[in-house]
Every structure is written in structure tokens, then in C-alpha cells.
Amino acid sequence: MARSHSTADNLPPESPELSGFRGPHVAVDIALLTVVPENTTRDFRIGFLLHKRQDGLARGQWALPGRMVRERERLNEAVEVALNEKCGISGINPVQLYVFDEPTRDARGWVMSVGYLAVERNELVAKVISENQNLNLGYISPGVTFRIELPNNQDDLPFEQIAIVERAVRVLRREYEKKPDPYRFLGRTFTLYQLRKLHEAIAKGELDKDAFRRKMEPQLIATDSFSSGSVGKPAQLFKRRSRSSQ
């Protein structure tokens with residue numbers, strides 16, 4: 001049975017013992033990552049969803065979607081509301097990353113942020129951006145040093161949110177070290193070349209072709225179909241091997 005939301009009728013009274021502690025405010029911030037195909041090449045880039053702040057500190061700046069947690073509100077509820085109200089996204093299940101508790105991260109006061117990671121295919125992200133002028137993408141710059149690229153030449157994310165993006169990308173890269181496209185950015189079938197280019201975009205650079213093939217092929221099933229691209233000869237299509245068949 002699903003657990004019901006808290007209501008004013010069943011909340012326990014607050015103990016006077018807590019009145020002596022001035023706790024921090026709590027926010028949730030969501031790093032929603034995607035992988036975007038480049039227009040002129042067969043490469044990919046890691047992107048992350050941004051929302052233009054409409055009020056308060058950093059108004060008019062691009063930032064990660066998020067919100068302050070309301071009184072007696074669960075964290076997951078705050079995440080769900082933030083994604084729905086600011087991005088028009090529902091039905092996904094972000095995972096909690098880390099609590100970012102640097103006392104000076106927010107100029108308004110003592111605000112801890114609980115960072116979340118969500119991963120979505122580019123088709124969904126592109127759709128919500130096309131429907132909302134207050135949404136856009138930032139990108140992870142290629143190379144070993146972690147850097148981001150923001151719309152309108154914005155220099156940085158407010159509230160030190162770059163730390164949330166960096167940790168989210170670190171988790172994504174770890175997932176892609178051993179498994180073939182676990183978040184299914186490529187869809188059901190793909191060529192080994194497409195798979196390698198995707199993994200290179202998520203990793204920090206070029207991957208050895210032969211070593212990558214040896215690592216991934218045991219986790220793939222070759223299909224009877226071939227790519228129909230206009231560049232080069234058709235390449236065989238593969239699909240992921242299900243856990244039950246391993």
C-alpha cells in the first residue's frame with residue numbers, strides 16, 4: 001500500500017526541546033542529464049537541463065531546477081513538484097546524490113541543498129525545452145578538466161550548483177565504465193561505432209576501439225539488421241543482452 005502524504009491532522013507536535021536549535025533551510029536541486037547528438041558530426045555531448053529563475057536571488061539566471069522544501073514536506077515530494085511546475089516533467093524517479101552543506105553557498109542565508117540525479121533521453125528533454133522558453137540546456141565541455149558551458153555566455157551556476165552537476169556526471173560516468181549504454185540513450189539497437197562514440201562523450205575522451213569492443217561485446221547480441229546510413233558501408237546492429245540471458 002502506498003504511503004499517504006503527511007497532513008496537518010496527523011503531524012506530531014513539535015517538542016520545545018527543538019526550539020533551542022536554529023536549523024538550516026533545505027532545498028532540492030535536480031541535475032537532469034541527457035546526451036545530445038551533434039548536428040554536423042556523429043558525436044555526442046552531455047547536456048543538463050536548466051531553468052531561468054523568475055524571482056529572488058539570481059533572478060534571470062540559468063540554474064538547475066529546484067525549490068525550497070516546505071514545512072513537513074518530503075524531499076521526493078519537493079523534487080516532484082519542482083520538475084512538474086518548472087519543467088513540465090512528471091513520472092520520472094530521480095535518485096538522491098549528496099547533501100551540499102557549504103554554509104556560504106547561498107547568500108540569502110544558511111541553505112543546505114539535497115542534490116538529485118535524473119537521466120532522460122534527448123527526445124523528451126528537447127520536447128519540454130521547445131514548449132517552455134524558460135528552459136534550456138547547459139553542456140559539459142570536453143576534456144579532462146571539468147568545465148561547463150551555459151546559455152547566453154553566463155559564467156557560472158548560482159548557489160554553487162556546479163558541484164551538483166559535477167557529482168551527477170561522475171555517477172553517470174561510473175555507470176558507463178562497464179555496461180553498454182545502461183540508460184538507453186541510443187534506443188533498442190545500435191552499431192558498435194555509435195555505442196563507442198556515446199561512451200566517449202560520457203567518459204573523458206577517446207576510448208581504445210579494440211579494448212572497448214572486447215569489454216562490450218559479451219554484453220550484446222548481434223541482430224540480423226544493418227545500419228542504413230549514407231556514410232560508409234552498412235554496419236551490423238546490436239542490442240543489449242538481457243540479464244536473464246547472461
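This note sets out numbered points on the predicted model shown above.

1. Basis of the note. The model is predicted, and local features are reported only at pLDDT of at least 70, side-chain atom pairs only at pLDDT 80 or more, while totals for chains, interfaces and linings use all residues. Residues are numbered from 1 along each chain as its sequence is written, and side-chain values use heavy atoms, with hydrogens and water left out.

2. Overall architecture. The protein chain has 5 helices and 11 strands, where helices (H or I, at least four residues) and strands (E, at least two) are DSSP runs numbered from the N terminus. Its C-alpha trace spans about 70 × 45 × 35 Å along the principal axes. Of the contacts with a separation of 6 or more, 60% are between residues 24 or more positions apart, a contact being heavy atoms within 4.5 Å.

3. Of the 246 residues, 40% count as buried; buried means under 20% relative accessible area, exposed over 50%, and partly exposed in between (1.4 Å probe, protein chains only). The accessible surface comes to about 15100 Å², and carbon and sulfur atoms account for 47% of that area, as computed by the Shrake-Rupley method with a 1.4 Å probe. The 37 positive and 32 negative charges have mean positions 6 Å apart, with Lys and Arg counted as positive, Asp and Glu as negative, and His and the chain ends not counted.

4. Helix H3. This helix covers residues 162-176, and its 15 residues should span 21 Å at 1.5 Å a residue, which agrees with the 21 Å between its end C-alpha atoms; the expected span is 1.5 Å times one less than the number of residues. Its buried residues are Ile164, Val165, Ala168, Val169, Val171, Leu172, Arg173 and Tyr176. An α-helix has 3.6 residues a turn, so residues three or four places apart point the same way.

5. Phenylalanine 159 lies in the loop between strand E8 (148-149) and H3, and its phi is near 60°, a positive value in a residue other than glycine. Glutamate 160, in the loop between E8 and H3, likewise has a positive phi, of about 55°, although it is not a glycine. Most residues other than glycine have a negative phi. Phenylalanine 159 is buried, with a relative accessible area of 10%, whereas glutamate 160 is partly exposed at 42%.

6. Arginine 67. This residue belongs to strand E4 (residues 66-68) and is buried, with a relative accessible area of 15%. Its side chain is joined to that of glutamate 73 by a polar contact of 2.8 Å, the term meaning a pair of N or O atoms within 3.5 Å, of which, within protein, one must be able to donate a hydrogen and the other to accept it, and residues adjacent in sequence count only if both atoms are side-chain atoms. Leaving out residues up to four places away in sequence, arginine 67 touches Ala27, Val28, Glu73, Ala78, Val81, Ala82 and Lys86.

7. Lysine 209, in helix H5 (residues 209-216), is exposed, with a relative accessible area of 56%, and its C-alpha atom is 27 Å from that of glutamate 166. Alanine 235 lies in the loop between strand E10 (220-226) and strand E11 (236-240) and is partly exposed at 31%. Beyond its neighbours within four places in sequence, alanine 235 contacts Thr191, Ser225, Phe226 and Ser227.

Technical notes
The place of a charge is taken as NZ of Lys, CZ of Arg, CG of Asp or CD of Glu.
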